[in-house]
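Have the viewer open while you read.

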Amino acid sequence: MNRNYNLNSLWLSLLIMVLIVPLSAGAMEMDDCLGCHSDAEEVGEELFIDEDKFTHTVHAEMGCVTCHESVTDEHPDDGEAVTNTACLDCHEELGSEYMATTHAENATCSDCHNPHQVHGLKAVSRQDMNQQCSQCHEGSDVLESHTGWLPQADLHLAKLPCITCHTSAENYEIVLNITHKEKTTVAGSYPLSKYADLKEYSGEKEIQSLIDINGDDHISLAELRTFNRNPAYANLHLSGTMVPGEVSHDLSTLDNRYDCTFCHASGPGSMQTSFLAFPTEDGAYRRMTVDEGAMLDTLYGTPNFYMTGSTRSASMNIIGLIIICGGFIMPIGHGTLRFLTRKNRKH
Amino acid sequence: MAEELQDQEHQHQIYLQPIPVRIWHWLNAFGIVTLTVSGAQIRFPEYITLLGSYKSAIYLHNTAGFVVAISFSLWFFYYTFVARTMANLYVPKVEDLKSGILRQVKFYFLTYFLGWENPHHPTPESKFNPMQKSVYLAIMFVMMPLVSLSGIFLTNVDPLRGLIVMVGGLKLLAGLHFLLACSLIAFLPTHVYLATLGRTPTEHIKTMWTGWEDEEEHGEETETGDLVASR
Ligand code: HEM
């Protein structure tokens, strides 16, 4: 039964190849399209496609014509409008989830996604994501409306992707980004580092080697500590954020975001899975796994990622407990002796 | 006014704790207890939910922190500029360090049990015994300012990011805040216990409420005692 199916599909694909190959040989290829469309002077800003960015996306594997089916060999001279295949044809699940929301009346897929520059959740930074929203939701308005109920709204909005709170994702992953000091103010600010920024530090070597010293494509707690204590990297810092475990497009805002429990009261257990995102040359990101529990290290694991409630360190708790117990030595010890010797003080 | 009162109902009493000090003390006490409870919920939200939602614990903590910081300023201002007794009261003298602390420790841990008198006799000019002085100094000049400062940093993480990175990171700051808080919490039982070591268990506590402390019954010691001599 299974074998039958496989055989059938094999024949089918052969048939398709026989039919399509000669056809497409005549039609324009992706390179032909880009010959004009990656040249802003030829087609104008409006129709410009950034070749560097496009060729690194999964959409590039499909070629242009898959999405612009009606394009003819005479294009653009034929003056015909070119069709765009709807995102929903291929992204049924996420697409229909989004189309069911009221937000679908406010923004279409291409308002948030440039189809020629798509990246998956794991390959974008929180800034890239929020950039999509800020086209319509002005930063100052958002800050104002969130300040009403969210302490340190500025901190949260700078640190978190909007979709961590504005979709019904059930879990999150900790993602560390590398930031570097910029002397804009006295104390300095810390924007996300791009590939070129880090290349200045790594020189000949891959930028991953700044942290992943042994090159095993995984970051251990020891490697994190070494990085954070290395005086040569005094101006580099890891900034942590929380990204949904998987993308949902329902744009609903759950109560556990509003009452803070999703992030701050989820306990150290939720802080286990984490990644470090390295910028890539083409402006995207590549994640590397980090040792489980590294976020909970007392000091040097992630000195600049701390969330009250969930990143508390166990050893710190023990020291605290010992200190507090110390406070009872006097009442208990002295109090006992005082009770035993009470007769001495009757004058 | 105080003298007048002393003439009538406070004949054998001294006015030890002026009003600003008492206001500060009780604001501080309630503030610290509130900070402890809300702070505990902020750090251990899965286990402690006394104050309802996490958000309300945070708001309460921040408000109480503000109240404590303000009352600390009140205390500092009063002693430094109004009463001008800060240095005298809180900074231990050479004498205190050389022999005073030892004498006081000896009293608390030995002669007290034998029923001897406290070698120190509080007056408005010298309220604290040498041991108290040293502990209060550490608490009021080191721990309170540091816990407030780290708290202020923690309430303004984004604007103060650069500074926080410079001092060693958010984790260090929160850790410092937590351990200082634990130290202040540890001070509480000791403090309350020592307060019951007056002639009656409630004597000192009443004084902190009314301001008046009973004069020593064996008067001659107060006048000629080592306290006066040691100054
Ligand atoms: C002026 C004083 C204080 C200020 C401004 C302050 C502020 C803060 C801030 C901003 C936080 C982070 C969470 C939040 O925003 O509420 C925090 C956490 C905390 N505070 Fe305070 N605080 C102060 C004093 C105290 C005191 C006196 C105690 C206890 C005796 C205390 C105990 C705690 C604890 C246990 C935490 C949780 C820390 C953690 O999760 O690492 N705080 N405080």
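## Where the two chains meet

Between chain A and chain B, 25 residue pairs are in polar contact, counting pairs with both residues at pLDDT 80 or more. Keep in mind that this is a predicted model. On the chain A side, α10 (153-159), α16 (314-326) and α17 (329-340) each supply at least two of the residues that touch chain B. That side of chain A splits into 25 nonpolar, 21 polar and seven charged residues.

How many salt bridges are there between chain A and chain B? The count is one: Arg312(A) goes with Glu46(B), and their closest N and O atoms sit 3.1 Å apart.

As for the extent of the contact, 53 residues take part from chain A and 48 residues from chain B. The area buried between the two chains is about 4200 Å², with carbon and sulfur atoms giving 63% of it. In chain A, the residues losing the most area to chain B are Tyr306(A), His334(A) and Arg338(A), together 15% of what that side buries.

## A covered strand in chain A

Now for β3 of chain A, residues 236-244: is this strand mostly covered or exposed? Mostly covered, with nine of its nine residues buried. In a regular strand, side chains alternate between the two faces of the sheet. Here's how β3(A) divides up:

| Side of β3(A) | Buried residues |
|---|---|
| One side | Leu236(A), Leu238(A), Gly240(A), Met242(A), Pro244(A) |

β3(A) pairs with strand β1 (residues 172-180) of chain A, antiparallel, over nine bridges. Thr241(A) in β3(A) has Val175(A) standing opposite.

Terms used
Residues are numbered from 1 along each chain as its sequence is written. Chains are lettered from A and ligands numbered from 1 in the order in which they are written. This is a predicted model: local features need pLDDT of at least 70, side-chain atom pairs count only at pLDDT 80 or more; totals for chains, interfaces and linings use all residues. Side-chain values use heavy atoms; hydrogens and water are left out. Buried means under 20% relative accessible area, exposed over 50%, partly exposed in between (1.4 Å probe, protein chains only). Helices (H or I, at least four residues) and strands (E, at least two) are DSSP runs, numbered from the N terminus. Two strands pair if DSSP finds at least two bridges between them. Contact means heavy atoms within 4.5 Å. Buried area is the accessible area (1.4 Å probe) that two parts lose on being put together, summed over both. A salt bridge is a side-chain nitrogen of Lys or Arg within 4 Å of a carboxyl oxygen of Asp or Glu. A polar contact is a pair of N or O atoms within 3.5 Å; within protein, one must be able to donate a hydrogen and the other to accept it, and residues adjacent in sequence count only if both atoms are side-chain atoms. Ala, Val, Leu, Ile, Met, Phe, Trp, Tyr, Cys and Pro count as nonpolar, Asp, Glu, Lys and Arg as charged, and the others, Gly among them, as polar.
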